[in-house]
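The sequence and structure are shown first, and the description follows.

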Amino acid sequence: MFYFSKSKYCDFCDCPKHAWLNRYKPEEYYIDDATKARMEMGSIVGDIAMGYFGDYVEVSMYNGERLDLNRMIERTKQEIAKNTPVICEASFEYNGLYCAVDILKKENGGWAIYEVKSSTHTDKPRYINDVAYQKYVLEKCGINVTGTYVMCLNNQYIYDGKNLDIQQLFRYDDVSESVAKKLPEVEVDLERAKSFLEDKNEPDIPLGKQCGKPGDCAYWGYCTRNLPKPNVFDLYDTYMKKKLALYNKGLVSMESLEGEPTITGEIQKRQIDFALHDKGTYVNKKEISVFLDTLSYPLYFLDFESVQPAVPKYAGTKPYTQVPFQYSLHYIEKEGGELKHKEFLAQAGTDPLRDIAEALCRDIPADACVTAYNKGFECTRLKALAGYFPDLSEHLLSIFDNIVDLLTPFQSGWYYNREMGGSFSIKSVLPALFPCDPSLDYHRLEGIHNGGEAMNAFPAMEKMNAEELKQTRKNLLEYCKLDTFAMVKVWEKLREAVE
């Protein structure tokens, strides 16, 4: 029998090859720590949403750690027979097609489907495919579906820090019109999927818009494994649509891209040129000197780490507000002065906002010259903190007004070498500038090696024992400290380049 679920159906609609790889090559599936955290948060959001309509019955049942689908289906039938007003995880099966409805609500003489998503909007095509599949299965099971809705987080809801108002936290949209348009296609899609997935030969489906941006799809690495390295998808600051157009013309390798007339950006042309020819390092001394002249002492190097809870945890925040919980600060007070360091890391389980704002005002003098790498992130956090705390806003905004971006010389193309490839993030620039410096190697760190791991570690600290908590705090501090030390080294390298 052909077995299918709503997630498999959505994967097939998005990209048939994705669904095929899920079945035959699941070991190639890769997601990063930030994506894993978002998926876990999706489960939390779903649990909270169950109470949106008041009292409910959840039919989730387990056999060990696995869901017991047969028992869930039988329990759903019992609750429907009793006219239970709200059934969560209501489960249905029709000829091998399985689905669990997040919220099944008795209304208008039948049952309405409410699909819960942890995003802040309801109009993604995947969501319509999801609900249409559910409606198809339920109607085949004899259920009178009288409404179809997608429920999401309300990005205008501001948490007061006391009581989570789930009526304000969520909103939902009626998607009946879109579902009605999709519904006739479901059975055709399922027939196609059955034939497609029974073929054990890997499908030859080229890269396309279904892939999203590089890294969006969990199989991106697998599907691009045979492309030359570097390739067209590594081009700096180029829209995916243009990359795909070049790819579809057969312009994949850097050799094939050399001299391509549609590539007009100086940075992109230099990237291709340097990838093909050993040209060492390009340095525009004039522009870098002008940039360095904008810096003054005392000179500070600032980096934040933050969490982004889907469900707001701290007063004054909304769903997915970036909440800084840590910073590292290296600084030099005068020309030739000693490199010093300060840091802040909030206590586990506390609201970090007031404490980090006060610490910043304490550690960074008003009107001091501050550098950040890709300063938009730090600037946005500072401006938000100033909004939360009017009594500190003048000082925080003075820091905001005086931040200089260390990314600028690289993003502007004034300093480049082959090893940077098509990325000017600190994680790409650092090994390109210091290929043999173990003190700048993030892999040597213990426990925390990137921002995604840091983001996951802070909320996890609330449930750690004393020993685990001590070690995690140490790991977080070491990671963030390396970020600003790396900035210092980048600044020093720029100074060397113009001497």
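Helices (H or I, at least four residues) and strands (E, at least two) are DSSP runs, numbered from the N terminus. The model is predicted: local features need pLDDT of at least 70 and side-chain atom pairs count only at pLDDT 80 or more, while totals for chains, interfaces and linings use all residues. Residues are numbered from 1 along each chain as its sequence is written, and side-chain values use heavy atoms, with hydrogens and water left out.

**Overall form**

The protein chain holds 19 helices and 15 strands. Its C-alpha trace spans about 80 × 60 × 40 Å along the principal axes. A residue is called buried under 20% relative accessible area, exposed over 50%, and partly exposed in between (1.4 Å probe, protein chains only). On that scale, 47% of the 499 residues of the protein chain count as buried. Accessible areas come from the Shrake-Rupley method with a 1.4 Å probe, and for residues only the protein chains shown count as cover. The protein chain exposes about 24,800 Å², of which carbon and sulfur atoms supply 48%. Contact means heavy atoms within 4.5 Å. Among contacts between residues at least 6 apart in sequence, 67% join residues at least 24 apart.

**Buried residues and helix packing**

Helix α1 (residues 6-14) has Lys-6, Tyr-9, Cys-10, Asp-11 and Phe-12 as its buried residues. These pack against α2 (16-24), β5 (97-107), β6 (110-116), α5 and α7. Lys-135, in helix α5 (residues 125-140), has a relative accessible area of 17% and is therefore buried. Leaving aside residues up to four places away in sequence, Lys-135 touches Ile-113, Val-145, Thr-148, Val-179 and Leu-183.

Helix α3 (residues 33-49) and helix α18 (residues 451-460) pack with their axes 7 Å apart, at an angle of about 35 degrees. Asp-33, Ala-34 and Ala-37 of α3 make the contact with Gly-452, Glu-453 and Asn-456 of α18. Here axes are lines fitted to C-alpha atoms, for helices over the stretch in contact, and angles run from 0 to 180 degrees between N-to-C directions.

**Surface patch**

Patches are made of residues with over 30% relative accessible area and no salt bridge; like charges are joined within 9 Å, and nonpolar side chains (Val, Leu, Ile, Met, Phe, Trp, Tyr) within 5 Å. Tyr-62, Leu-67 and Leu-69 make a nonpolar surface patch of about 280 Å². Leu-69 is placed in helix α4 (residues 69-81). Its relative accessibility is 33%, so Leu-69 counts as partly exposed.

**Salt bridges**

A salt bridge is a side-chain nitrogen of Lys or Arg within 4 Å of a carboxyl oxygen of Asp or Glu. By this rule the count is 32 salt bridges. One network of them links Lys-6, Asp-102, Glu-115, Lys-117 and Asp-130. The table gives further pairs.

| Pair | N to O distance |
|---|---|
| Glu-177 and Lys-181 | 4.0 Å |
| Glu-266 and Lys-269 | 3.4 Å |
| Glu-492 and Lys-489 | 3.6 Å |

Glu-177 and Lys-181 lie four residues apart in helix α7 (residues 176-198), about one turn of the helix, and both are exposed. Glu-266 and Lys-269 are three residues apart in helix α11 (residues 266-276), so about one helical turn separates them. Lys-269 is partly exposed, at 38% relative accessible area. Glu-492 and Lys-489 are three residues apart in helix α19 (residues 466-498), and Glu-492 is partly exposed, with a relative accessible area of 30%.
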